[in-house]
Amino acid sequence: MRNFVWRIAPIFLLTVRQFSGGKAVRAVLGLALVPTLFAAVYRVNPDVNRPRRFLDDSILQVLLPTILPLAALVLATATFGDEIEDRTLPYLVLKPVSRLKIVFEKMMASVIVSTPIIALGVLISWFLVFMRDSRDNTDMLWATLASVVVGVVLYTCVFQLLSLLIRRAILASIVYSLVWETVLGRFIPGLRYLSIRQVVTSVYTSVLDDRRLGTNNAFSTGGALIGAVVVCVIAIALSTWRLNKLNIE
Amino acid sequence: MQPPDHVMLPGVIPGRQPTIICNRISKWYGDIVAVSDVTIGVGPGVTALLGPNGAGKSTVLKMITGLLSPSSGTIRIFGKSPRGAPSTYRSIGLVHEVEHIYPYLTGREFVRMNAILQKVPNLDDAVNQAIELVEMSDARDRQIGGYSKGMRQRIKVAAALVHNPSVVLMDEPLNGMDPAQRLHMINLLRELGQTRTVLVSSHILEEVERFAENIIVIVNGKLAAAGDFRAIRDRIDTHAHAVRIRSNHPRYLAMALIGDPSTKSVRMDREDRVVVETIDVRGFYRALPVLARKSNIRLLDISAVDESLASVFSFLVEG
């Protein structure tokens with residue numbers, strides 16, 4: 001199986017190996033367990049009437065706006081960032097391989113490694129919050145996992161592009177997540193349509209279809225998915241163009 | 001910009017078609033000029049890209065491979081620009097200067113990954129052959145993170161040759177190798193040169209002599225000299241060289257050297273080593289062991305003074 005993956009997607013497997021057991025993966029795991037910590041605290045002193053509300057708040061106020069972009073940026077900026085820093089990128093670009101393939105396999109490796117780790121944090125949190133609740137709450141689990149998948153893909157595409165455009169990609173990604181999406185988004189309503197966070201939140205609320213949430217979605221389900229595809233295509237196209245033009249010292 | 005007439009290109013042996021053509025290439029970073037208006041050609045056989053550290057050799061190699069775009073000028077390999085045309089890399093193998101290789105891969109995995117990316121048909125055979133070629137079969141299943149510097153150099157060479165490229169570019173490939181490994185690598189370079197275009201950068205003149213028939217000398221980013229090694233070596237030999245010698249009786253050695261006709265000046269440095277300036281390098285290296293034996297002096301270490309090497313290369317620019 002491993003030999004087969006090496007032959008089909010060598011850059012994907014190389015990047016997965018690059019991540020495995022490294023500091024970056026441990027950082028993602030640490031971030032993914034933050035909502036679990038909140039859930040554990042809730043478990044100690046549960047408000048039995050409001051477990052759904054508690055988890056909703058954790059997801060909409062902590063996981064989707066803060067944890068998800070930070071966890072995605074750790075690996076997404078490392079895909080090319082580590083190769084540039086270690087000066088190993090020539091081993092990949094001096095080959096008869098299209099730049100699109102390099103960008104795509106790197107992006108997929110980052111998504112495939114970070115998604116299960118964040119999903120694990122979600123699963124444990126969900127279990128802790130609802131462990132003594134007899135009602136069917138799986139709708140929240142599926143909605144969260146769907147928004148995590150869409151969010152990881154989107155943030156990875158954008159942050160990977162940033163790592164090819166500028167040297168301080170991590171800083172720029174944090175500024176994007178915390179300033180652009182959080183602070184500016186509050187004061188300039190139009191920015192909601194240029195916000196990954198809004199797309200991800202829209203996916204969550206649309207899949208959950210819970211009117212009690214009362215969130216003001218910027219996108220419908222269809223709009224969110226179309227927006228996500230457009231952002232991914234543009235980010236991958238720009239990353240490919242940038243990798244073609246990059247001067248590698 | 002008119003493409004140069006390849007017959008007149010510096011670096012090309014008359015009668016041979018150049019594989020690589022660099023036409024008036026320059027590279028600058030803000031106010032700093034790394035390479036200035038270099039026009040060279042490289043044809044089949046082994047050509048050495050010679051120059052002191054920081055002369056611009058690596059920059060030239062990176063521009064040839066397409067890792068860097070020239071600020072001005074053009075580069076062609078088999079008539080194609082390497083930048084933006086990944087298919088060109090099917091015929092190129094590069095051993096680049098950077099020591100770091102993916103430390104979590106084994107030597108075999110690294111060579112295999114290069115073979116897969118090069119779409120080599122008989123994968124396992126090609127990988128095993130390339131590893132055998134650099135005598136790394138015993139260590140192929142160990143992680144690269146545990147390799148010595150010389151082993152990393154050799155596995156890089158195996159990875160660069162696994163797809164049997166017709167153009168091989170090597171940036172200081174002998175760095176970090178012990179004498180036996182160097183000898184093996186030099187023989188390999190000669191062998192490769194019989195059927196391929198091989199361009200090897202080095203800052204050590206004596207090393208280059210052993211594998212290259214043709215040299216291109218770069219100093220301060222400019223082309224200083226290009227052509228047949230022996231002709232350039234003769235020009236270099238007319239310039240004063242400084243050699244530093246450590247021995248068991250430095251003062252007796254200094255006295256013995258003063259009387260030798262190839263010696264221009266003799267002094268002692270702070271570490272009690274003899275520093276000799278000579279105007280006839282070959283004559284000096286012939287005379288030195290004879291003088292030492294006569295005076296019953298043991299020679300412990302002989303090395304060229306670095307500033308002297310830079311001055312020798314600069315002399316080529318001026319001359």
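The buried residues of helix α8 of chain B pack against β10 (241–247), β11 (263–268), β12 (274–278) and α9 (281–294) of chain B. This is a predicted model, in which local features need pLDDT of at least 70, side-chain atom pairs count only at pLDDT 80 or more, and totals for chains, interfaces and linings use all residues. Residues are numbered from 1 along each chain as its sequence is written, while chains are lettered from A and ligands numbered from 1 in the order in which they are written.

**Terms used here**
- Helices (H or I, at least four residues) and strands (E, at least two) are DSSP runs, numbered from the N terminus.
- A residue is buried if 20 or more other C-beta atoms lie within 10 Å of its own, exposed if 12 or fewer, and partly exposed in between, with C-beta atoms placed from the backbone.
- Two residues are in contact if their C-beta atoms, placed from the backbone, lie within 7 Å.

- In α8 (residues 250–258) of chain B, the buried residues are B:Leu253, B:Ala256 and B:Leu257.
- They sit on the same side of α8(B), because they cover an arc of only 95° around the axis (the arc of the directions from the helix axis to the C-beta atoms).
- Turned away from that buried side are the exposed residues B:Arg251 and B:Ile258.
- In chain A, helix α3 (residues 23–32) has A:Ala24, A:Val28, A:Leu31 and A:Ala32 buried.
- Those residues span an arc of only 100° around the axis, so they lie on the same side of α3(A).
- The cover over the buried residues of α3(A) includes α2 (10–19), α4 (34–44), α5 (51–86) and α7 of chain A, while A:Lys23 and A:Arg26 are exposed on the face turned away.

**Chain B as a whole**
- Chain B has ten helices and 13 strands, and 44% of its 319 residues are buried.
- Its C-alpha atoms fill a box of roughly 65 × 50 × 40 Å along the principal axes.
- Of the contacts in chain B between residues at least 6 apart in sequence, 68% join residues at least 24 apart.

**Nonpolar cores**
- A nonpolar core is a set of buried Ala, Val, Leu, Ile, Met, Phe, Trp, Tyr and Cys residues joined through C-beta atoms within 7 Å.
- The largest one has 144 residues, and among the members that touch the most others are A:Leu68, A:Tyr155, B:Val111 and B:Ile155.
- A second, separate core of ten residues includes B:Ile245, B:Val276, B:Phe284 and B:Leu288.

**Where the chains meet**
- The contact takes 23 residues from chain B and 17 residues from chain A.
- On the chain B side, α2 (107–117) gives the largest share, three residues.

- Most residues other than glycine have a negative phi.
- B:Arg24, in strand β1 (residues 20–29) of chain B, has a positive phi of about 50°.
- B:Lys119, in the loop between α2 and α3 (123–133) of chain B, has a positive phi near 55°.

**Confidence in chain A**
- Among the elements of chain A, helix α7 (residues 99–130) has the highest mean pLDDT (96) and helix α9 (residues 169–187) the lowest (76).

Definitions and conventions. pLDDT = per-residue confidence, 0-100.
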